[in-house]
Amino acid sequence: MTKKMKAAVVVEFGKPLEIRELDIPSPGAGQILVKTEACGVCHTDLHAANGDWPLKPTPPFTPGHEGIGLVTEIGEGVTSVKVGDRVGVPWLYSACGHCEFCLSAYEPVCPDAEFGGYTKDGGFAEYIIADPNYVAHVPAGLSAIQAAPIICAGITTYKGIKETEAKPGQWIAISGCGGLGHLAIQYAKAMGLKVCAVDIDEGKLKHATEVGADAVVNAKTQNAAEAVKEITGGGAHGVLITAPSLPAFEQGVNMTRKHGTCALVGLPPGEFPTPLFDVVANCITIKGSFVGNRKDMAEALDFAAQGKVKADVELQPLTAINDIFERLENGKVPSRVVIDFTL
Ligand code: NAD
Ligand code: ZN
Ligand code: ZN
């Protein structure tokens, strides 16, 4: 008889996830089977379950792209990982490896990319099938629970900060200080930047200061762009918008220093108005940034292994998923919830 596993499954967009007993999948040629130890819950999982984006996953599917676990089985021909290795199954589940984007290390935009917990079943399950060529390799000394938020929130913000091209000593504004943002602040500090954190929640801003922000701005009670300009003496050299909220985007462009770069990372559905004259006349770059490549992943994990960034995690069992989603939707998750599969 096939062995069973628990998985939290999206059966219909906008409906609660169902905890189902599914067959444990078997790795085919070139695949591996990972026994999940921990999986972070990203706001993207919420967008996925709500069918928020133009490119939609097909229910039923299992979300989760911060899954970390031990390799328990390898399919035919797999040589790059072995049974017992601790790996992560990230958003960039696989890519073609041959297109112009793969060849230039922009593999997340590969037209044939598959996405973990989206186009492929992800880490809200006791076992995950993965592509060994694209898994994250967790450094020794980093626990599964600590590694989980790094393989999406960590890599995405680390890469996004690099994309702003802000230099050590310069200012970066981080808009949104939740799962992504609280790690962004720590990466930016470790990279020698001065950090101005922006959020709409006082608790998040207090926490931002605790994890290293040099200044904070409450976008609910203050004019965020003017406040950041005042603090940074003319605008932040780099701006990283992680907030899943459209007003944060226009504000973010407006708080960018002349000749600076505003990197867009948050993914609320919709569009935002762009002050065209200011963007042109101030030579501002507006840049999308989508997770990162495998080298970014290794670097982002190394910061965590060195203790330079540390995710603040709240542990929950898989069965709490609908409650976690509700709190995440309402801004009630302090930093990152990680599903602990031992609970
Ligand atoms: P989260 O819910 O943990 O954090 C969001 C934070 O934004 C909260 O602290 C909230 O208070 C704050 N916020 C809300 N409205 C704001 C506003 N107007 N101004 C400033 N702050 C505001 O979410 P998360 O897991 O950090 O994900 C954030 C977004 O990033 C989501 O849209 C997610 O889909 C996206 N994301 C993108 C990538 C990528 O590769 N581009 C990767 C991961 C996540
Ligand atoms: Zn994510
Ligand atoms: Zn490709």
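How many of the 21 residues of helix 3 are buried? In this predicted model, the count is 19, so helix 3 is mostly covered.

Helix 3 runs through residues 144-164. From its first C-alpha to its last, helix 3 reaches 29 Å, which is close to the 30 Å expected at 1.5 Å a residue. Helix 3 also has a kink of about 50°, and this kink is centred on Ile151.

Ala144 belongs to helix 3, and its relative accessibility is 8%. Buried means under 20%, so Ala144 counts as buried. Leaving aside residues up to four places away in sequence, Ala144 touches Glu37, Ala38, Ile68 and Arg86. Gly88 can be compared along the chain and in space: Ala144 and Gly88 are 56 residues apart in sequence, while their C-alpha atoms are 8.6 Å apart.

The next point is how helix 3 packs with another helix. Two packed helices are described by the angle between their axes and the distance between the axes. For helix 3 and helix 9 (residues 294-305), the axes come within 8 Å and cross at roughly 110°. Angles of 65 to 115 degrees count as roughly perpendicular, and the two helices are therefore roughly perpendicular to each other. The crossing of helix 3 past helix 9 is right-handed. On the helix 3 side, the residues that meet helix 9 include Ala147, Ile151, Gly154 and Tyr158. An α-helix has 3.6 residues a turn, so residues three or four places apart point the same way. On the helix 9 side, the partners include Met297, Ala300, Leu301 and Ala304.

Most residues other than glycine have a negative phi, and most peptide bonds are trans. Glu165, which follows helix 3, has a positive phi of about 60° although it is not a glycine. Glu165 lies in the loop between helix 3 and strand 10 (171-175). Cys283 is not a glycine either, yet its phi is positive, at about 50°. Cys283 sits in the loop between helix 8 (276-281) and strand 15 (285-288), and with 47% relative accessibility it counts as partly exposed. Finally, Pro59 and Pro60 are joined by a cis peptide bond with an omega of about -5°. Pro60 is found in the loop between helix 1 (43-50) and strand 4 (67-74).

Key. Residues are numbered from 1 along each chain as its sequence is written. Chains are lettered from A and ligands numbered from 1 in the order in which they are written. This is a predicted model: local features need pLDDT of at least 70, side-chain atom pairs count only at pLDDT 80 or more; totals for chains, interfaces and linings use all residues. Side-chain values use heavy atoms; hydrogens and water are left out. Helices (H or I, at least four residues) and strands (E, at least two) are DSSP runs, numbered from the N terminus. The expected span of a helix is 1.5 Å times one less than its number of residues. The bend at a residue is the angle between axes fitted to the seven residues ending there and the seven starting there. Buried means under 20% relative accessible area, exposed over 50%, partly exposed in between (1.4 Å probe, protein chains only). Axes are lines fitted to C-alpha atoms, for helices over the stretch in contact, and angles run from 0 to 180 degrees between N-to-C directions. Angles under 35 degrees count as roughly parallel, over 145 as roughly antiparallel, 65 to 115 as roughly perpendicular and the rest as oblique. A crossing is left-handed if the near helix is turned anticlockwise from the far one by less than a right angle, and right-handed if clockwise. Contact means heavy atoms within 4.5 Å.
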